[in-house]
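Dear colleague,

I am passing on the structure below, followed by notes on what was found in it. Please read the notes with the coordinates open beside them.

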Amino acid sequence: MSRLIVISNRVSPPTGDGPGNQGGLAVALSAALRESSGIWFGWSGEETETFTGHINFQRSYGVTTATIDLEAQDVEEYYNGYANCTLWPLFHNRLDLAEFERGFAGGYARVNDRLAETVAPLIEDSDLIWVHDYHLMLLGRNLRARGVKNRIGFFLHIPWPPARLLESLPGHGELFDAMLDFDVIGFQSENWRDSFIEYVQGHTDATIDQNGIVSLGDRQAQIIVCPIGIDFTEFHQAAHGEVARESCRRMKRSANGRTMIVGVDRLDYSKGLPERFLGYERLLGSRPDLHGQLFLLQIAPPSREQVRSYQQIRATLDSLSGRINGEFADAEWVPLRYINKGYPRDALAGIYRASRIGLITPLCDGMNLVAKEYVAAQDPEDPGVLILSQFAGAARQLTDALIVNPHSPDELAEAIDRALRMTKKERKERWHSLMANIRDEDVRWWQECFAKALAGSPV
Ligand code: GDG
């Protein structure tokens, strides 16, 4: 078995906190790294005055991590700048929020190069290299420039934008060209793969064959669709543990007989939170009979707080939630519980289980793991209903959810109403079908699917 080198912007070493407190991605990658005696390399999240390339090796729970510190200017231009103010909004259909600063692009190129320079000496001939996400799209090129001949794969966790949007990015041609130094490029769903193919065909001299091999000169990259899943076993275990049971009991007590709807999202403009609130407001406005009967719990831990567009979305939500509660609440009922803090994963599982509806309505989302976690946490004898945006990668797999257009307040209101009226029989049928997918195509399936392509086997 070849050794695996995982490279990502941030590294999440295993914590040993037990089931329910580590993200699924970290669990899956840690398992693969442990089995292959691999290394997980990336930024420590810390800053240093002058970049030295010093690697801090650590070993925890059988996984070796190798991290480096970056200069403040690197963090500003590469991470806050190009990754979060240029690529993230552009790749999530928000050209209006994208900032195109040469300084950001320069910082991105510099950090990709620094990471390549630092990791290259660790790479042995038979290693397989797996690069993650939009922060590191130049890394394949930078490693090749240092003579690395190993197989290198890249997995994009977020959407690939339509070609007409990508065209707005200065230097998009060079970015694409650099990506052809990867041997495998993985996408979360057919939609994002198709946008990539549209770009290849309309904007480049590369060709693509029936097997998804993109060729340009003597370089070839295999394009695959490989949707990420959750760590089903771990999450299922967490959902049945004491913490989850207690959190479910407490939530039900606090609901006091009212029907609970839940949404859990990083506070990000791609997650469609204002639109979700407006859909809920539409329902309350048109259905006075529901007043006092239900409430929406929206958990939205803040993220990327240094970035202006994230400060703006937070202010928008503060004002919208205030308006909705101001208009509809009475002394004994608050229709919207809007919370800006995170919960431990196992407590979240209990909250999911206590709710009749999971309302997951991003405007654009690579996959969306919360949708899968919501389903996995349900009581098989009385499962809740998943309402899912058509624009989440997950919608291609979770076809038995109630699929909605998150931009339409009427559609959202109708879907909530339909979910409230759904018979237990229909809820169970839909849940069984959703569970089958979530169990079969879990995070290990995803990791094995990518690893197979990376090793050069047919997928
Ligand atoms: C990117 C892509 C893709 C959320 N709140 C809390 C909490 N979470 C956990 C969830 C879930 C994870 O964070 C969020 O994952 P998502 O998939 O929903 O979204 P992104 O963070 O945007 O992730 C996305 C993903 O990468 C993987 O490829 O699916 O499309 O955008 O696991 O449970 N966890 C805890 N407390 C919280 O309050 N502990």
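Ten strands make up an open sheet of mixed pairing, in the order β3-β4-β2-β1-β5-β6-β7-β10-β9-β8; strands here are DSSP runs of E with at least two residues, helices are runs of H or I with at least four, both numbered from the N terminus, and two strands pair if DSSP finds at least two bridges between them. The edges are taken by β3 (56–60) and β8 (207–208), and because each has a single partner strand, one side of each is left without a neighbour in the sheet. The partner strand β9 (residues 213–216) runs antiparallel to β8 and is joined to β8 by two bridges, with V214 in β9 as the bridge partner of I208.

Before going further, please note that this is a predicted model, in which local features need pLDDT of at least 70 and side-chain atom pairs count only at pLDDT 80 or more, while totals for chains, interfaces and linings use all residues. Residues are numbered from 1 along each chain as its sequence is written, and side-chain values use heavy atoms, with hydrogens and water left out.

The protein is divided into domain 1 (4–229 + 443–454) and domain 2 (232–440), with bounds that come from an automatic or database domain assignment. Their contact (heavy atoms within 4.5 Å) takes 30 residues from domain 1 and 27 residues from domain 2, and the domain centres, taken over C-alpha atoms, are 30 Å apart. About 2200 Å² is buried between the two domains, 57% of this area coming from carbon and sulfur atoms; the value is the accessible area (1.4 Å probe) that the two parts lose on being put together, summed over both. Two salt bridges are counted between domain 1 and domain 2, where a salt bridge is a side-chain nitrogen of Lys or Arg within 4 Å of a carboxyl oxygen of Asp or Glu.

Strand β12 (residues 294–299) pairs with β13 in the parallel sense over four bridges, and L296 has L336 as its bridge partner in β13.

Finally, E411 lies in helix α14 (residues 409–421) and counts as partly exposed because its relative accessibility is 32%.

Notes. Buried < 20%, exposed > 50% of the residue type's maximum accessible area, 1.4 Å probe, protein only.
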